[in-house]
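Reader: I'm new to reading protein models. Could you take me through this one?

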Amino acid sequence: MSEVSLVVNGRKVSGAVEDRTLLVHFLREHLGLTGTHVGCDTSQCGACVVHVDGKAMKSCTMLAAQASGSTVTTIEGLANGADLHPVQAAFKEHHGLQCGFCTPGMIMTATDMIRRHPEGLDEATVRAELEGNICRCTGYHNIVKAILAASKTMSKASKSKAKKAA
Amino acid sequence: MYSVNYHRATSVVDAVKKIKTGDAKYLSGGMTLIPAMKTRLAAPSDLVDLNHIADLKGIKVSGKTVTIGAATTHFDVANDEKLMKVCPALCALASHIGDPAVRHRGTIGGSVANNDPAADYPSALLALGATIVTNKRQLAADKFFKGLFETALKDDEIVTAVTFSAPAKAGYAKFPNPASRYAMTGVFVTKGKEGVRAAVTGAGDDGVFRSKEVEAALTKKFEASALEGVSVPSKNLMADLHASPEYRANLVVVMAKRAVMAANA
């Protein structure tokens, strides 16, 4: 058994887990954060993507013990109260989902992608960056649209923030 | 996954001490080992996590000499500005390993020590004439990669860094499997002071290897046109449900052409 302690969505959490416990199982079963999904269990589908220390990672492919000491953000930690995160809002607006199973991972990947491309995104980049996220319903079209829209909204918001600060 | 005991190493010395427990394995990014444990293809009794050893991380470039710490992630290799200036081909290679989430965790040391026959890095290190630095010794890439998932590493030995002198020209091209995205054939070519080297991954029955035919052609002229009509023997090339040895032999030449074009671009 390992004693793990992490900050998850801004909250300090700890627990004793079997060493083989995957981060995704710790999130879902110990913390009840079931927004993070297990799709393929073979590290390919990306339904389990969360941010560990600010970077997108597959929570089905790391042990909770490996993540101990880290800061984790899950889909439940994105919205600000009742206000959806811009990426969530864009997925809603552009209907970037059908069954919704892959959506948490898509949104966590998209948020990370937008963070790494503050200069903006184009369709080819979005599609290449979605390599590790599989959707079996919508064929990606609306997902790509939603990410491009969110990227625009967020770069505008950060520019006006920078203006205000200046 | 079978039950396992997790240990976090604080230094290389500490890791070597901890690896003596049971049937322990070193864990770096875990992008291969954790999935292998989940399917029970691997079942170590203990894991020694190398990911928190600060000495193993980071990229140093001094003149043409590049040293990459073993626990440096693919993401950091892909985006290192100093490396981009002296050996952009390696950055490009790293930027196409797995997917973004995998690149955030997977490490060069882990990839090299695992020596997957379809991994990208082994071909780069072999073509760059790199040296693999361990906690015990320094090994030339030519002596390090031994076969499928086999290296010259001893049980408790840890890859701590890889180092090479950046060549004047380098390029990489791979034909990714449409489903797994692993290289069905990947070729890394370099042209440096010591001549031309071309290493092939994803195709060899015995893992990464240098192609004499490609090297001979490119030594005459380091251009794609030099590879027109060149054929690579299909003997000792991999056969699986995705491609025959003959198909891979052809891919070696095609990927070599693209790699040279990338190197000259």
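Reader: In which strand of chain B is the place of Thr131(B)?

Author: Before that, some ground rules: this is a predicted model, where local features need pLDDT of at least 70 and side-chain atom pairs count only at pLDDT 80 or more, while totals for chains, interfaces and linings use all residues. Residues are numbered from 1 along each chain as its sequence is written, chains are lettered from A and ligands numbered from 1 in the order in which they are written, and side-chain values use heavy atoms, with hydrogens and water left out. Strands here are DSSP runs of E with at least two residues, helices are runs of H or I with at least four, and both are numbered from the N terminus. Thr131(B) sits in residues 131–134, which is strand β6.

Reader: Is Thr131(B) buried, exposed or partly exposed?

Author: Buried means under 20% relative accessible area, exposed means over 50%, and partly exposed is in between (1.4 Å probe, protein chains only). Thr131(B) comes in at 23%, so the label is partly exposed.

Reader: Does Asp156(B) count as buried or exposed?

Author: Asp156(B) belongs to the loop between β9 (150–151) and β10 (159–165) of chain B. Its relative accessibility is 18%, so Asp156(B) counts as buried.

Reader: Which side chain does a polar contact of 2.8 Å join to that of Asp156(B)?

Author: A polar contact is a pair of N or O atoms within 3.5 Å; within protein, one must be able to donate a hydrogen and the other to accept it, and residues adjacent in sequence count only if both atoms are side-chain atoms. Leaving aside neighbours within four places in sequence, Asp156(B) has contacts including Val16(B), Tyr26(B) and Lys136(B). The 2.8 Å polar contact links the side chain of Asp156(B) to that of Lys136(B).

Reader: What is the radius of gyration of chain A?

Author: Chain A has six helices and five strands. The radius of gyration is taken over C-alpha atoms, and the globule rule is 2.2 Å times the number of residues to the power 0.38. For 166 residues that rule gives 15 Å, and chain A is close to it, so it is as compact as a globular protein of that length, with a radius of gyration of 16 Å.

Reader: And what is the radius of gyration of chain B?

Author: Chain B has 11 helices and 14 strands. The globule rule gives 18 Å for 265 residues, and chain B is close to that, so it is as compact as a globular protein of that length, with a radius of gyration of 18 Å.

Reader: What share of the residues of chain B count as buried?

Author: The C-alpha trace of chain B spans about 55 × 45 × 30 Å along its principal axes. Of its 265 residues, the buried share is 57%.

Note on methods:
Contact means heavy atoms within 4.5 Å.
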